[in-house]
Amino acid sequence: MTDESYGDGTRAVRAGLPEPVKYEPTLPGPVFAAHFHLPGEPTGPYTYGRDENPTWTHLERAIGELEAPGEQGVETLVFASGMAAISAVLLSQLKAGDAVVLPTDGYQALPLLHEQLRAYGIEVRTAPTADDGQLAVLDGARLLWIETPSNPGLDVCDIRRLVREAHAAGALVAVDNTLSTPLGQRPLELGADFSVASDTKGMTGHGDILLGHVSCRDPQRAAEVRRWRKVVGAIPGPMEAWLAHRSLATLQLRIDRQCSTALTLARTLAGRADVTGLRYPGLPDDPSHAVAARQMRRFGPVVSFELADRKRAERFLEELRLVDDATSFGGVRSTAERRGRWGGDAVAEGFIRFSVGAEDPEDLIADVLRALDQAGSAG
């Protein structure tokens, strides 16, 4: 699909499909193969199952079409998980003596990478996402890692500005786009060198697949990431790749419902005296709204807020009937959790990360309000 005029729904439904062949399925089934027939010189494209797989190829083309519609030359690589994709970029682009800038308020597993990077002789600098705080520690860095909106605090930084400043300083820029998906924002269009995501979340959206991807324009950078994937073997199974491609067909339908309901939920929570610290980039009075509105096309499914204390938050979660108390986000079934239970995130004991699903908005809002009332009456 090379026509940039197609809408998000059309693109999501058609992306990555092969040319039609009479009597063949429109989306070929998963190819289970450790090796392929390979007479003569091994010129590819498929030689060994750790290197390439036709099912990955279809999915990678599909994601690439969503990341950069109508653009030629963008390469996408799929991985066994979001952390595999994140690690591939960082560890393929950095070497001993380099410096990397990471967010202090990013994904909870990033500190594990801090330890590994330092063990390899790489300087790790951190700064908050809000107010483009990472610019203050950018000087001399090899790579700037951005996560916007940040998870779980939902702060937003100005991607264009950070990219401009980083490139002027000689640094590469990678953007963790997990919360937004390419339908929410397109980091490559905003100038980033890498767009990275855990497709476990919104991209596949059903809470049943672990997957990640990296997209970039530079063929040399793509080759370096590809080599890292081969070396460590961080590859997805063909069944997971096929299920992910199938799930992309409903991406626009899911995301639009989730974002619409998330805004309704945020507006509803804004009127509650028992809710504080409410964050949603789609709210006009959110601290991040002005920047988010300039670079995001949709504001995502996640709303965060605080209740009075741990006891009130846990009571609220217990009372919910249509929301699973589970980690992760972006799925068709709403989930919520008290993030403080994991440790590591700089959040209050009563902090709730709420991921809006595809339930009827009226039912979900009613469930949340009832649970809040019950949690308050029990206090």
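**Pockets, cavity and cores of a predicted model**

A pocket here is an open set of points on a 1 Å grid over the protein atoms alone, with protein on both sides within 12 Å along at least five of seven lines, and lining residues have an atom within 4 Å of a point. Grid points are joined across faces, edges and corners, and the volume is the space filled by probe spheres set on the points. The model is predicted: local features need pLDDT of at least 70, side-chain atom pairs count only at pLDDT 80 or more, and totals for chains, interfaces and linings use all residues. Residues are numbered from 1 along each chain as its sequence is written, and side-chain values use heavy atoms, with hydrogens and water left out.

Of the 23 residues lining the largest pocket, Thr 57, Glu 60, Arg 61, Glu 65 and Val 74 are the closest to its centre. Helix α2 contributes the most to this lining, with five residues; α2 and β1 (75–79) each supply at least two. Helices (H or I, at least four residues) and strands (E, at least two) are DSSP runs numbered from the N terminus. By class, the lining comprises seven nonpolar, eight polar and eight charged residues, where Ala, Val, Leu, Ile, Met, Phe, Trp, Tyr, Cys and Pro count as nonpolar, Asp, Glu, Lys and Arg as charged, and the others, Gly among them, as polar.

The second largest pocket holds about 450 Å³. Its lining has 20 residues, of which Arg 14, Leu 17, Pro 18, Glu 19 and Thr 26 lie closest to the centre. Helix α1 gives the largest share of this lining, three residues, and the classes divide into twelve nonpolar, three polar and five charged.

The structure also holds one cavity of 30 Å³ or more, a cavity being a set of grid points where a 1.4 Å probe fits but cannot get out. The largest cavity contains about 40 Å³ of space, and its lining includes Thr 178, Lys 201, Ile 255 and Phe 329.

Attention now turns to the interior. In soluble globular proteins, nonpolar side chains tend to be buried together. A nonpolar core is a set of buried Ala, Val, Leu, Ile, Met, Phe, Trp, Tyr and Cys residues joined through side-chain atoms within 4.5 Å; buried means under 20% relative accessible area, exposed over 50%, and partly exposed in between (1.4 Å probe, protein chains only). The largest such core has 45 residues, among which Leu 269, Val 303, Phe 305, Phe 316, Ile 352 and Phe 354 touch the most other members. Helix α8 supplies the largest share of this core, seven residues. Apart from it lies another core of 28 residues, including Leu 113 and Ala 234.

Leaving aside neighbours within four places in sequence, Phe 316 is in contact (heavy atoms within 4.5 Å) with residues including Phe 305, Ile 352, Phe 354 and Ala 375.

Two aromatic pairs are found in the whole structure; rings of Phe, Tyr and Trp (its six-membered ring) pair if their centres lie within 6.5 Å, with planes under 30 degrees apart counted as stacked, over 60 as edge-to-face and the rest as tilted. The rings of Phe 36 and Tyr 46 have centres 5.8 Å apart and planes at 35°, so this pair is tilted. For Phe 305 and Phe 316 the centres are 6.0 Å apart and the planes at 75°, so that pair is edge-to-face.
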